[in-house]
Amino acid sequence: MTVMSLPQVCDRAQQILAQVERAVVGKRHAAELVLSGILAGGHVLMEDYPGLGKTLAARSFAQALGLGFSRAQFTPDLLPSDLTGSFLYDQRNHEFTFRHGPIFTGLLLADEINRTPPKTQSALLEAMQEGQVTVEGETFPLPRPFHVLATANPVEYEGTYPLPEAQLDRFLLRVSFGYPRRDEEYDVLTRRLARRQEEVVLDQVTDAPGVLSMQAAVESVTVEETVGRYCVDLAVATRDHPDVLTGASPRGSLGLILAARAWAVVRGRDYVIPEDVKAVARSVLSHRITVKPELWMTQASGQRVVDAVLQSVSAPSTLEGFARP
(Lines give C-alpha, C1' and ligand atoms only; values in the text may rest on other atoms or scores of the structure.)
Protein backbone atom coordinates (compact mmCIF):
# COMPACT_ATOMS: atom_id res chain seq x y z
CA MET A 1 0.00 0.00 0.00
CA THR A 2 1.38 3.40 -1.01
CA VAL A 3 1.08 6.01 1.72
CA MET A 4 0.07 9.47 0.51
CA SER A 5 1.80 12.61 1.66
CA LEU A 6 -0.22 14.78 4.03
CA PRO A 7 -0.68 17.57 1.44
CA GLN A 8 -2.08 14.94 -0.93
CA VAL A 9 -4.46 13.73 1.78
CA CYS A 10 -5.63 17.28 2.41
CA ASP A 11 -6.22 17.87 -1.31
CA ARG A 12 -8.10 14.57 -1.63
CA ALA A 13 -10.18 15.41 1.47
CA GLN A 14 -11.21 18.75 -0.02
CA GLN A 15 -12.29 17.00 -3.22
CA ILE A 16 -14.39 14.56 -1.19
CA LEU A 17 -16.03 17.38 0.77
CA ALA A 18 -16.74 19.28 -2.44
CA GLN A 19 -18.59 16.26 -3.84
CA VAL A 20 -20.57 15.74 -0.62
CA GLU A 21 -21.57 19.42 -0.61
CA ARG A 22 -23.17 18.94 -4.00
CA ALA A 23 -25.80 16.82 -2.22
CA VAL A 24 -25.73 18.02 1.39
CA VAL A 25 -26.22 21.79 1.40
CA GLY A 26 -24.81 24.08 4.07
CA LYS A 27 -23.39 21.41 6.38
CA ARG A 28 -19.67 21.88 5.79
CA HIS A 29 -18.69 21.69 9.46
CA ALA A 30 -20.67 18.51 10.05
CA ALA A 31 -19.28 16.96 6.85
CA GLU A 32 -15.73 17.78 7.96
CA LEU A 33 -16.39 16.04 11.27
CA VAL A 34 -17.74 12.93 9.55
CA LEU A 35 -14.76 12.80 7.17
CA SER A 36 -12.37 13.31 10.09
CA GLY A 37 -13.97 10.35 11.84
CA ILE A 38 -13.45 8.16 8.78
CA LEU A 39 -9.85 9.30 8.26
CA ALA A 40 -9.19 8.55 11.92
CA GLY A 41 -10.43 4.99 11.32
CA GLY A 42 -13.56 5.39 13.45
CA HIS A 43 -17.33 5.10 13.24
CA VAL A 44 -19.72 8.06 13.30
CA LEU A 45 -23.17 8.44 14.85
CA MET A 46 -25.31 11.10 13.19
CA GLU A 47 -28.07 12.02 15.61
CA ASP A 48 -30.74 14.55 14.74
CA TYR A 49 -34.38 14.99 13.75
CA PRO A 50 -35.72 13.24 10.62
CA GLY A 51 -35.31 14.96 7.28
CA LEU A 52 -32.09 16.84 8.00
CA GLY A 53 -29.86 14.98 5.56
CA LYS A 54 -28.27 12.25 7.70
CA THR A 55 -29.02 9.38 5.31
CA LEU A 56 -28.18 11.53 2.29
CA ALA A 57 -24.81 12.40 3.85
CA ALA A 58 -23.97 8.73 4.40
CA ARG A 59 -24.84 7.83 0.80
CA SER A 60 -22.87 10.81 -0.47
CA PHE A 61 -19.73 9.83 1.45
CA ALA A 62 -20.01 6.27 0.14
CA GLN A 63 -20.12 7.56 -3.46
CA ALA A 64 -17.26 10.04 -3.04
CA LEU A 65 -15.05 7.59 -1.13
CA GLY A 66 -15.68 4.78 -3.60
CA LEU A 67 -16.43 2.25 -0.86
CA GLY A 68 -18.81 -0.67 -1.03
CA PHE A 69 -22.10 0.49 0.46
CA SER A 70 -24.91 -1.28 2.27
CA ARG A 71 -27.92 0.09 4.09
CA ALA A 72 -29.57 -1.69 6.99
CA GLN A 73 -32.90 -0.24 8.10
CA PHE A 74 -33.09 -0.84 11.84
CA THR A 75 -36.62 -1.80 12.84
CA PRO A 76 -38.05 -3.37 16.03
CA ASP A 77 -38.15 -6.82 14.38
CA LEU A 78 -34.59 -6.74 12.98
CA LEU A 79 -32.58 -9.78 14.11
CA PRO A 80 -28.79 -9.94 14.59
CA SER A 81 -28.56 -12.49 11.75
CA ASP A 82 -30.22 -9.94 9.44
CA LEU A 83 -27.03 -7.90 9.82
CA THR A 84 -24.30 -10.49 10.07
CA GLY A 85 -25.74 -13.16 7.78
CA SER A 86 -26.41 -16.81 8.60
CA PHE A 87 -25.73 -20.38 7.57
CA LEU A 88 -28.17 -21.87 5.06
CA TYR A 89 -28.48 -25.51 4.12
CA ASP A 90 -27.65 -26.22 0.48
CA GLN A 91 -29.75 -29.21 -0.52
CA ARG A 92 -27.77 -29.82 -3.70
CA ASN A 93 -24.40 -30.08 -1.93
CA HIS A 94 -25.82 -31.34 1.37
CA GLU A 95 -23.85 -28.82 3.41
CA PHE A 96 -24.30 -25.51 5.16
CA THR A 97 -23.02 -22.40 3.42
CA PHE A 98 -22.68 -18.93 4.91
CA ARG A 99 -24.78 -16.16 3.41
CA HIS A 100 -23.14 -12.80 4.02
CA GLY A 101 -25.29 -10.06 5.53
CA PRO A 102 -25.19 -6.33 4.70
CA ILE A 103 -22.47 -5.76 7.30
CA PHE A 104 -19.90 -7.18 4.84
CA THR A 105 -19.21 -3.89 3.09
CA GLY A 106 -16.88 -0.90 3.22
CA LEU A 107 -19.41 1.57 4.56
CA LEU A 108 -22.52 0.42 6.41
CA LEU A 109 -25.40 2.84 6.85
CA ALA A 110 -27.13 1.76 10.04
CA ASP A 111 -30.31 3.76 9.50
CA GLU A 112 -32.29 4.73 12.61
CA ILE A 113 -30.11 2.53 14.77
CA ASN A 114 -32.06 3.36 17.92
CA ARG A 115 -35.34 1.95 16.58
CA THR A 116 -34.24 -1.64 17.10
CA PRO A 117 -33.98 -3.42 20.48
CA PRO A 118 -30.62 -3.59 22.31
CA LYS A 119 -30.00 -7.23 21.32
CA THR A 120 -29.68 -6.28 17.67
CA GLN A 121 -27.83 -3.06 18.45
CA SER A 122 -25.21 -5.09 20.29
CA ALA A 123 -24.66 -7.25 17.20
CA LEU A 124 -22.64 -4.34 15.81
CA LEU A 125 -20.23 -4.23 18.75
CA GLU A 126 -17.82 -6.93 17.60
CA ALA A 127 -17.87 -5.67 14.02
CA MET A 128 -17.19 -2.06 15.05
CA GLN A 129 -14.40 -2.91 17.46
CA GLU A 130 -12.74 -5.99 15.96
CA GLY A 131 -13.55 -5.73 12.25
CA GLN A 132 -15.06 -9.20 12.23
CA VAL A 133 -18.27 -11.10 12.97
CA THR A 134 -18.74 -14.47 14.61
CA VAL A 135 -21.64 -16.68 13.56
CA GLU A 136 -22.17 -20.19 14.95
CA GLY A 137 -18.67 -20.13 16.42
CA GLU A 138 -17.01 -19.28 13.09
CA THR A 139 -15.29 -15.93 12.61
CA PHE A 140 -15.47 -13.97 9.35
CA PRO A 141 -13.27 -10.90 8.73
CA LEU A 142 -14.89 -7.78 7.35
CA PRO A 143 -13.53 -5.84 4.35
CA ARG A 144 -10.98 -3.10 4.99
CA PRO A 145 -11.70 -0.33 5.46
CA PHE A 146 -14.94 -0.91 7.36
CA HIS A 147 -16.89 2.01 8.77
CA VAL A 148 -20.35 2.41 10.27
CA LEU A 149 -22.25 5.63 9.67
CA ALA A 150 -25.28 5.31 11.90
CA THR A 151 -28.28 7.63 12.02
CA ALA A 152 -30.40 8.06 15.13
CA ASN A 153 -33.49 10.03 16.03
CA PRO A 154 -33.68 11.92 19.34
CA VAL A 155 -34.53 9.52 22.18
CA GLU A 156 -37.77 11.30 22.98
CA TYR A 157 -39.19 10.15 19.64
CA GLU A 158 -41.77 7.37 19.82
CA GLY A 159 -40.40 3.88 19.17
CA THR A 160 -36.76 4.63 19.96
CA TYR A 161 -34.46 2.72 22.31
CA PRO A 162 -31.50 4.42 24.05
CA LEU A 163 -28.23 3.01 22.75
CA PRO A 164 -26.25 1.05 25.37
CA GLU A 165 -23.30 2.97 26.81
CA ALA A 166 -20.89 0.30 25.53
CA GLN A 167 -22.08 0.81 21.96
CA LEU A 168 -22.10 4.60 22.20
CA ASP A 169 -18.48 4.40 23.29
CA ARG A 170 -17.61 2.55 20.06
CA PHE A 171 -18.55 5.61 18.00
CA LEU A 172 -15.60 7.94 17.66
CA LEU A 173 -17.86 10.92 16.95
CA ARG A 174 -21.49 11.90 17.40
CA VAL A 175 -22.43 14.59 14.90
CA SER A 176 -25.56 16.73 14.71
CA PHE A 177 -26.54 18.36 11.42
CA GLY A 178 -29.18 20.79 12.61
CA TYR A 179 -31.71 22.76 10.57
CA PRO A 180 -30.41 24.70 7.56
CA ARG A 181 -30.60 28.45 7.33
CA ARG A 182 -33.42 29.93 5.26
CA ASP A 183 -31.28 30.61 2.16
CA GLU A 184 -29.68 27.14 2.43
CA GLU A 185 -33.09 25.50 2.55
CA TYR A 186 -34.14 27.42 -0.55
CA ASP A 187 -30.92 26.26 -2.23
CA VAL A 188 -32.01 22.66 -1.57
CA LEU A 189 -35.26 23.34 -3.44
CA THR A 190 -33.64 25.03 -6.43
CA ARG A 191 -31.05 22.26 -6.83
CA ARG A 192 -33.78 19.62 -6.79
CA LEU A 193 -35.79 21.47 -9.43
CA ALA A 194 -32.72 22.05 -11.60
CA ARG A 195 -31.60 18.41 -11.76
CA ARG A 196 -35.16 17.11 -12.45
CA GLN A 197 -34.64 13.88 -10.54
CA GLU A 198 -34.51 12.79 -6.92
CA GLU A 199 -31.12 11.06 -6.87
CA VAL A 200 -27.88 13.03 -6.70
CA VAL A 201 -25.07 11.26 -8.57
CA LEU A 202 -21.64 12.25 -7.25
CA ASP A 203 -18.19 11.67 -8.72
CA GLN A 204 -15.98 9.05 -7.10
CA VAL A 205 -12.86 10.72 -5.68
CA THR A 206 -10.98 7.71 -4.32
CA ASP A 207 -11.44 4.00 -3.57
CA ALA A 208 -10.88 1.54 -0.73
CA PRO A 209 -7.05 1.35 -1.14
CA GLY A 210 -7.01 5.15 -1.40
CA VAL A 211 -8.93 5.52 1.86
CA LEU A 212 -6.51 3.13 3.58
CA SER A 213 -3.59 5.16 2.24
CA MET A 214 -5.14 8.39 3.54
CA GLN A 215 -5.67 6.81 6.97
CA ALA A 216 -2.07 5.60 7.05
CA ALA A 217 -0.84 9.12 6.26
CA VAL A 218 -2.86 10.59 9.14
CA GLU A 219 -0.85 8.36 11.50
CA SER A 220 2.21 10.52 10.76
CA VAL A 221 0.65 13.75 12.06
CA THR A 222 2.75 15.36 14.80
CA VAL A 223 1.21 15.62 18.29
CA GLU A 224 3.17 17.70 20.81
CA GLU A 225 3.18 16.45 24.43
CA THR A 226 1.30 19.45 25.80
CA VAL A 227 -1.54 18.82 23.31
CA GLY A 228 -1.73 15.16 24.33
CA ARG A 229 -1.85 16.10 28.01
CA TYR A 230 -4.56 18.65 27.21
CA CYS A 231 -6.70 15.83 25.80
CA VAL A 232 -6.19 13.84 29.00
CA ASP A 233 -7.02 16.86 31.16
CA LEU A 234 -10.30 17.39 29.29
CA ALA A 235 -11.37 13.76 29.70
CA VAL A 236 -10.42 13.73 33.41
CA ALA A 237 -12.32 16.97 33.99
CA THR A 238 -15.54 15.39 32.69
CA ARG A 239 -15.29 12.79 35.47
CA ASP A 240 -15.03 15.47 38.16
CA HIS A 241 -17.93 17.63 36.96
CA PRO A 242 -20.71 17.84 39.61
CA ASP A 243 -23.47 16.96 37.09
CA VAL A 244 -21.78 13.77 35.88
CA LEU A 245 -22.47 10.21 36.98
CA THR A 246 -19.79 8.69 34.73
CA GLY A 247 -17.36 10.75 32.68
CA ALA A 248 -15.37 10.00 29.56
CA SER A 249 -13.17 6.91 29.73
CA PRO A 250 -9.57 6.76 28.48
CA ARG A 251 -11.10 5.85 25.13
CA GLY A 252 -12.47 9.39 25.16
CA SER A 253 -9.06 11.03 25.50
CA LEU A 254 -7.68 8.69 22.84
CA GLY A 255 -10.61 9.57 20.59
CA LEU A 256 -9.85 13.26 21.08
CA ILE A 257 -6.30 12.96 19.81
CA LEU A 258 -7.21 10.62 16.93
CA ALA A 259 -10.03 12.87 15.70
CA ALA A 260 -7.92 16.02 16.20
CA ARG A 261 -5.16 14.57 14.00
CA ALA A 262 -7.59 13.91 11.17
CA TRP A 263 -9.21 17.34 11.65
CA ALA A 264 -5.77 18.97 11.39
CA VAL A 265 -5.08 17.21 8.08
CA VAL A 266 -8.46 18.23 6.66
CA ARG A 267 -7.55 21.78 7.62
CA GLY A 268 -4.19 21.51 5.83
CA ARG A 269 -1.76 21.00 8.71
CA ASP A 270 0.62 18.17 9.59
CA TYR A 271 0.52 18.92 13.32
CA VAL A 272 -2.20 19.27 15.96
CA ILE A 273 -2.93 22.50 17.81
CA PRO A 274 -5.28 22.96 20.80
CA GLU A 275 -7.92 24.48 18.52
CA ASP A 276 -8.15 21.16 16.67
CA VAL A 277 -8.93 19.42 19.95
CA LYS A 278 -11.56 22.03 20.81
CA ALA A 279 -13.15 21.66 17.36
CA VAL A 280 -13.81 17.94 17.85
CA ALA A 281 -14.29 17.86 21.65
CA ARG A 282 -18.09 18.12 21.66
CA SER A 283 -18.51 15.39 19.07
CA VAL A 284 -15.97 13.07 20.72
CA LEU A 285 -16.84 13.46 24.41
CA SER A 286 -20.50 14.41 24.86
CA HIS A 287 -21.93 10.94 24.09
CA ARG A 288 -19.46 9.31 26.49
CA ILE A 289 -20.81 11.24 29.49
CA THR A 290 -23.72 10.06 31.65
CA VAL A 291 -25.48 12.83 33.55
CA LYS A 292 -26.86 12.10 37.02
CA PRO A 293 -30.41 10.73 36.67
CA GLU A 294 -31.85 13.17 39.21
CA LEU A 295 -30.99 16.02 36.80
CA TRP A 296 -33.21 14.76 33.99
CA MET A 297 -35.66 17.65 34.52
CA THR A 298 -32.87 20.21 34.11
CA GLN A 299 -30.87 21.29 31.07
CA ALA A 300 -27.88 19.22 32.14
CA SER A 301 -26.42 17.21 29.26
CA GLY A 302 -23.16 15.77 28.04
CA GLN A 303 -22.70 18.65 25.63
CA ARG A 304 -23.14 21.24 28.38
CA VAL A 305 -20.58 19.38 30.47
CA VAL A 306 -18.08 19.45 27.60
CA ASP A 307 -18.71 23.17 27.07
CA ALA A 308 -18.04 23.81 30.76
CA VAL A 309 -14.88 21.70 30.69
CA LEU A 310 -13.56 23.54 27.65
CA GLN A 311 -14.01 26.78 29.57
CA SER A 312 -12.40 25.57 32.79
CA VAL A 313 -9.39 23.58 31.50
CA SER A 314 -6.50 25.74 30.36
CA ALA A 315 -5.35 25.05 26.82
CA PRO A 316 -1.61 24.94 26.16
CA SER A 317 -0.07 27.79 24.23
CA THR A 318 1.37 26.84 20.86
CA LEU A 319 5.14 26.54 21.14
CA GLU A 320 7.17 28.86 19.01
CA GLY A 321 8.88 26.97 16.26
CA PHE A 322 6.44 24.10 16.56
CA ALA A 323 3.47 25.74 14.87
CA ARG A 324 4.69 25.64 11.29
CA PRO A 325 2.80 27.56 8.61
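Close-up 1. Arg229 is exposed, with a relative accessible area of 53%, where exposed means over 50% relative accessible area, buried under 20% and partly exposed in between (1.4 Å probe, protein chains only). The side chain of Arg229 meets that of Glu225 in a salt bridge with an N to O distance of 2.9 Å, a salt bridge being a side-chain nitrogen of Lys or Arg within 4 Å of a carboxyl oxygen of Asp or Glu. Both Arg229 and Glu225 belong to helix α10 (residues 225-240), where they lie four residues apart, about one turn of the helix; helices (H or I, at least four residues) and strands (E, at least two) are DSSP runs, numbered from the N terminus. This is a predicted model, in which local features need pLDDT of at least 70 and side-chain atom pairs count only at pLDDT 80 or more, whereas totals for chains, interfaces and linings use all residues. Residues are numbered from 1 along each chain as its sequence is written, and side-chain values use heavy atoms, with hydrogens and water left out.

**Close-up 2. The salt bridge between Asp111 and Arg71.** Side chains of opposite charge can pair when their charged atoms come close. Here the side chains of Asp111 and Arg71 meet in a salt bridge at 2.5 Å, N to O, which links distant parts of the chain, Asp111 lying in strand β5 (residues 107-111) and Arg71 in strand β2 (residues 69-73), 40 residues apart. Asp111 counts as buried because its relative accessibility is 4%, whereas Arg71, at 39%, counts as partly exposed. A search of the whole structure finds 16 salt bridges, and Glu21, Arg28, Glu32 and Arg267 are linked in a network of them.

Close-up 3. Most residues other than glycine have a negative phi, and most peptide bonds are trans. Glu112, in the loop between β5 and α5 (118-121), has a positive phi, near 55 degrees. The side chain of Glu112 also meets that of Arg115 in a salt bridge (3.1 Å, N to O). Glu112 counts as partly exposed at 22% relative accessibility, while Arg115 counts as buried at 19%.

Close-up 4. The peptide bond from Arg144 to Pro145 is cis, with omega near 0 degrees. Pro145 is found in the loop between β7 (138-141) and β8 (147-152).

**Close-up 5. The contact of helices α1 and α9.** The axes of α1 (residues 6-23) and α9 (residues 208-218) come within 10 Å and cross at roughly 130 degrees. That makes α1 oblique to α9, since angles under 35 degrees count as roughly parallel, over 145 as roughly antiparallel, 65 to 115 as roughly perpendicular and the rest as oblique. Leu6, Val9, Arg12, Ala13 and Ile16 of α1 make the contact with Met214, Ala217 and Val218 of α9, contact meaning heavy atoms within 4.5 Å.

**Close-up 6. The surroundings of Lys54.** Lys54, in helix α3 (residues 54-65), counts as buried at 8% relative accessibility. Leaving aside neighbours within four places in sequence, Lys54 is in contact with Met46, Glu47, Asp48, Tyr49, Thr151, Ala152 and Asn153. The C-alpha atoms of Lys54 and Ser176 are separated by 8.8 Å, although these residues are 122 residues apart along the chain.

Notes
Axes are lines fitted to C-alpha atoms, for helices over the stretch in contact, and angles run from 0 to 180 degrees between N-to-C directions.
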